[in-house]
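Me: Could you take me through the fold of this chain, with the cut-offs spelled out as we go?

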Amino acid sequence: MEEGQRTRIKSYRDLKVWQKSMDLTVRTYEVTRRFPSEEKYGLVSQMRRAAASVPANIAEGQARRSTKEFIQMLGIARGSSAEIETFVALSERLGMTRSETSESLLEDCAEINRMMNGLMRALSSRG
């Protein structure tokens, strides 16, 4: 359960953190469409893979039905979020994204990380 949420979660799709990470993935795809074509197999591919990994790992963890495994998969999702943050910073340094775009993506990552941390705490206390 997510922090403050008392209803029973039937599916990973019910998790707000999964929904927000899906939104971040879509935004990442939109932003990387404007990257130079020579980055298609470089930064574009890495950013998209890392972004898609966040909701995918949340979904996989919730679907396993083991609290320990769910927490482990959330940890992997946090690692993918750190990758996104790194690639966003790099793309800004390389002049592929404006600072406003980078800041917005980084804020989204921070919010998702806070949500994952809260979910991990809630799952651990249930333990």
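Me: What share of the contacts in the chain with a separation of 6 or more comes from residues 24 or more positions apart?
Reply: This is a predicted model, in which local features need pLDDT of at least 70 and side-chain atom pairs count only at pLDDT 80 or more, while totals for chains, interfaces and linings use all residues. Residues are numbered from 1 along each chain as its sequence is written, and side-chain values use heavy atoms, with hydrogens and water left out. A contact means heavy atoms within 4.5 Å. Among contacts with a separation of 6 or more, the share from residues 24 or more positions apart is 70%.

Me: Which pattern does the chain follow along the sequence?
Reply: Helices (H or I, at least four residues) and strands (E, at least two) are DSSP runs, numbered from the N terminus. The chain has four helices and zero strands, and its pattern, read along the sequence, is α-α-α-α.

Me: At roughly what angle do the axes of helix α3 and helix α4 cross?
Reply: Axes are lines fitted to C-alpha atoms, for helices over the stretch in contact, with angles from 0 to 180 degrees between N-to-C directions. Helix α3 covers residues 67-93 and helix α4 residues 99-126, and their axes come within 10 Å, crossing at roughly 165°.

Me: What box do the C-alpha atoms of the chain fill?
Reply: The box is taken along the principal axes. For the C-alpha atoms of the chain, its dimensions are roughly 45 × 25 × 20 Å.

Me: What percentage of the 127 residues is buried?
Reply: Buried means under 20% relative accessible area, computed with a 1.4 Å probe and protein chains only, whereas exposed means over 50% and partly exposed lies in between. Of the 127 residues in the chain, the buried ones make up 40%.
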